[in-house]
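Dear colleague,

I am passing on the structure below, together with some notes on what was found in it. Please read the notes with the structure open beside them.

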Amino acid sequence: MYDLRGVTKTYRRGKATVQALADVDLTIEDGGRLVIQGPTGGGKSTLLQMLGGLDRPTSGQVALDGTDLATLPEARLTRVRSENIGFVFQSFNLIPTLTAQENVETALVPLKLRAKDRRERAAEALESVGLGERLGHLPGEMSGGQQQRVAIARALVKRPKVLLADEPTGNLDESMRDEIMELLEGLWKEHGLTFVMVTHDSAIARRAPRLATIRKGRLTVTENAGA
Amino acid sequence: MFFTYLRRELRRRRKAALVVASGLALGIALVIVVNSVSAGMKQAQGEVLESLYGLGTDMTVTKAQEEPEEGGAVARPRFKFDASDGGEQSNDMLMVQGFETLSTSTVDTVARQDGVANAVGGLSLTSISVSGDFKPGEMKPAQPAQPGQKGSGGSGEVRGGGADFGVNSFTVFGTDVTEPELGPLTSSTLTKGRTFKTSETDAKVAVLDSAYAKKEDLATGDEVEVKGKKFAVVGIATADKGQPAANVYIPLKQAQTLADAKGKITTVYVKAADSQAISAVKDAIQKNVPDTTVTTSADLAKTVSGSLDTAAGLASTVGKWLSYAVLAAAFLVAGLLTSSAVSRRVREFGTLKALGWKSGRVTRQVVGEALVNGLIGGALGIAAGLAGAYAVTAVSPTLTAELGGGLRVAGPGGGGPAQDAAERTLDIALSAPVSLATIALAAALAIGGGLIAGGFGGWRASRLRPADALRRVE
């Protein structure tokens with residue numbers, strides 16, 4: 001469970017001070033699903049980075065299962081990321097020189113599994129996203145949708161508690177968008193993940209049970225009874 | 001995963017990798033060639049000095065040159081002939097080269113100094129034989145005076161007459177036959193017959209230089225005459241490099257007797273116990289053995305000039321600094337290229353960190369890639385360097401070493417009575433031996449270059465915060 005209290009994030013851009021998050025309070029139950037929306041520069045990605053332990057707040061607490069990620073030493077924070085949090089990015093962020101299977105394996109490297117186990121689990125993860133036939137393909141040899149499936153397999157192969165997705169359909173066409181969203185929702189249900197997603201897409205936002213809107217760093221959360 | 005990732009990245013950036021590896025290869029090849037040529041120069045200089053000293057001699061001790069007294073006569077050979085009688089006359093002279101001698105007891109004094117392993121004395125002599133004949137002039141009666149001329153009207157005048165003399169000169173070295181391992185004869189290789197037996201301290205036996213034996217048509221079993229005494233030729237020796245130390249080698253005692261220099265030597269040849277302590281031994285001898293001049297190989301090396309000296313100078317200055325400059329530039333370029341590659345891969349490294357890769361692991365990946373690049377550069381550089389060194393040895397450019405410059409050369413090869421630095425010219429074929437140490441140095445440079453380049457990139461990669469890395473590409 002996430003429990004954010006009074007989270008503020010400011011940083012300097014030139015001589016100006018930018019407030020990305022202003023006194024944000026937020027709770028996300030285990031297995032919950034939250035969509036974050038808001039204008040560009042409103043603080044959506046910053047909030048997601050706080051949840052993922054990629055950045056630290058200027059003040060406040062970001063607790064994951066009782067552990068405050070804001071004050072956790074870097075080595076332990078790295079460990080939390082490697083074991084508990086899966087990321088999916090808008091630009092897929094695959095390593096262009098590695099095959100689909102090797103890209104998925106990169107998420108297992110910090111877990112110090114045997115190479116054979118890594119390969120088997122990566123193959124299984126790719127199978128689960130429908131890319132069992134594409135293990136040896138390089139990212140450049142796959143479509144955008146397939147690359148995002150590889151990124152999803154990479155996020156889930158370590159069996160995390162949390163899945164954080166930053167505009168996962170932002171670079172995809174409409175048909176591919178629906179395909180990926182169905183996949184993500186299916187996996188969320190199947191694995192009981194805590195799923196937080198940033199999106200500009202209102203159609204996607206409408207499907208979420210909880211919707212967080214962030215403007216100028218201020219967060220408001222609404223329940224979507226119809227979802 | 002480490003090696004797969006590394007291999008793929010190097011393949012993806014093979015142009016940049018090739019630039020880095022080529023730069024390092026050039027620097028390392030230059031270091032190998034310059035080092036091996038320098039080693040060849042040292043070897044050549046060593047050969048030049050050995051030709052003067054003989055193997056194993058670290059320094060020589062000679063009588064310090066004294067300023068001639070004001071009004072004092074300078075020692076010169078003088079030949080006296082009586083011109084009153086006609087007919088053939090000859091005058092043999094066997095004189096000490098330089099007219100400066102030391103007592104044989106100096107050998108023991110030198111041998112007792114700290115750090116001296118062995119010392120042996122030698123006497124350098126020059127034999128000059130002048131022979132020919134005078135033809136006295138003839139008294140011719142005076143011609144009667146012609147009218148109108150002033151005639152001598154005397155008893156007559158001496159007409160005709162003159163002299164026809166030839167000079168035969170050769171050098172003789174009195175060697176201590178009991179110490180065959182030290183002294184100038186060690187710079188020659190026996191090609192016929194035998195060398196002296198240690199028991200032949202006062203025997204009338206001689207070893208001839210091969211060039212002199214050929215010129216005089218002498219062979220083993222013949223006899224050579226030194227100041228009217230006949231010596232049995234027991235061996236012929238050929239100088240290893242350049243001119244021989246002497247034309248004729250005879251036992252020291254015989255040389256002293258013939259030159260009327262009993263108990264005298266011209267040079268003490270010294271071998272130091274530790275080749276690293278030559279300077280200290282020199283100081284000890286100069287301090288404790290008065291009125292002597294100590295000349296080490298280093299002193300003699302300073303008198304070497306000519307193309308060998310020029311090339312050695314170039315190798316140790318321009319060559320050395322050029323190779324260092326190229327290496328430094330290669331290291332810098334490698335570092336900057338690696339750092340720039342990290343800048344282009346911020347999203348990649350940010351993603352890996354987001355996935356839970358520790359900074360150390362990302363840094364190791366960057367350093368590993370740079371290290372492999374360095375090793376490729378090192379392998380190419382070593383191959384190019386070996387090829388360069390092989391080419392130098394195959395071409396074997398001939399360098400000329402001129403020995404001289406006012407230093408007293410201890411050996412008897414000077415030829416001139418003044419015994420000043422003989423202006424000897426030796427041709428030395430340059431080689432470029434590559435030692436294991438040079439290869440090890442090249443390998444260390446390759447690893448060092450890789451680590452420096454990796455250090456640049458790794459430092460940048462380690463400082464990368466995943467949020468910043470991902471934010472920068474949005």
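B:Glu9 and B:Arg345 are both buried, where buried means under 20% relative accessible area, exposed means over 50% and partly exposed lies in between, with a 1.4 Å probe and protein chains only. The two form a salt bridge whose closest N and O atoms are 3.5 Å apart, a salt bridge being a side-chain nitrogen of Lys or Arg within 4 Å of a carboxyl oxygen of Asp or Glu. Because B:Glu9 lies in helix α1 of chain B and B:Arg345 in the loop between α8 (307–344) and α9 (346–354) of chain B, the pair ties together parts that are 336 residues apart in sequence. Helices (H or I, at least four residues) and strands (E, at least two) are DSSP runs, numbered from the N terminus.

Please keep in mind that this is a predicted model, in which local features need pLDDT of at least 70 and side-chain atom pairs count only at pLDDT 80 or more, while totals for chains, interfaces and linings use all residues. Residues are numbered from 1 along each chain as its sequence is written, chains are lettered from A and ligands numbered from 1 in the order in which they are written, and side-chain values use heavy atoms, with hydrogens and water left out.

B:Glu9 also forms a salt bridge with B:Arg12, with 2.9 Å between the closest N and O atoms, and both residues lie in helix α1 (residues 2–12) of chain B, three residues apart, or about one turn of the helix. B:Glu9 counts as buried because its relative accessibility is 0%, whereas B:Arg12, at 38%, counts as partly exposed.

Elsewhere in chain B, B:Glu200 forms a salt bridge with B:Arg194, the closest N and O atoms being 2.7 Å apart; B:Glu200 has 10% relative accessibility and so counts as buried, while B:Arg194, at 26%, counts as partly exposed. Salt bridges that share partners join B:Glu9, B:Arg12, B:Arg13, B:Arg345, B:Glu348 and B:Glu369 into one network, and over all chains the structure holds 25 salt bridges.

In chain A, four strands form an open sheet in the order β2-β1-β4-β5, with antiparallel pairing, two strands being paired if DSSP finds at least two bridges between them. β2 (16–28) and β5 (67–68) of chain A stand at the edges, each with a single partner strand, so one side of each is left without a neighbour in the sheet. Strand β1 (residues 2–13) of chain A runs antiparallel to β2(A) and is joined to it by nine bridges; A:Tyr11 has A:Val18 as its bridge partner in β2(A).

With kind regards
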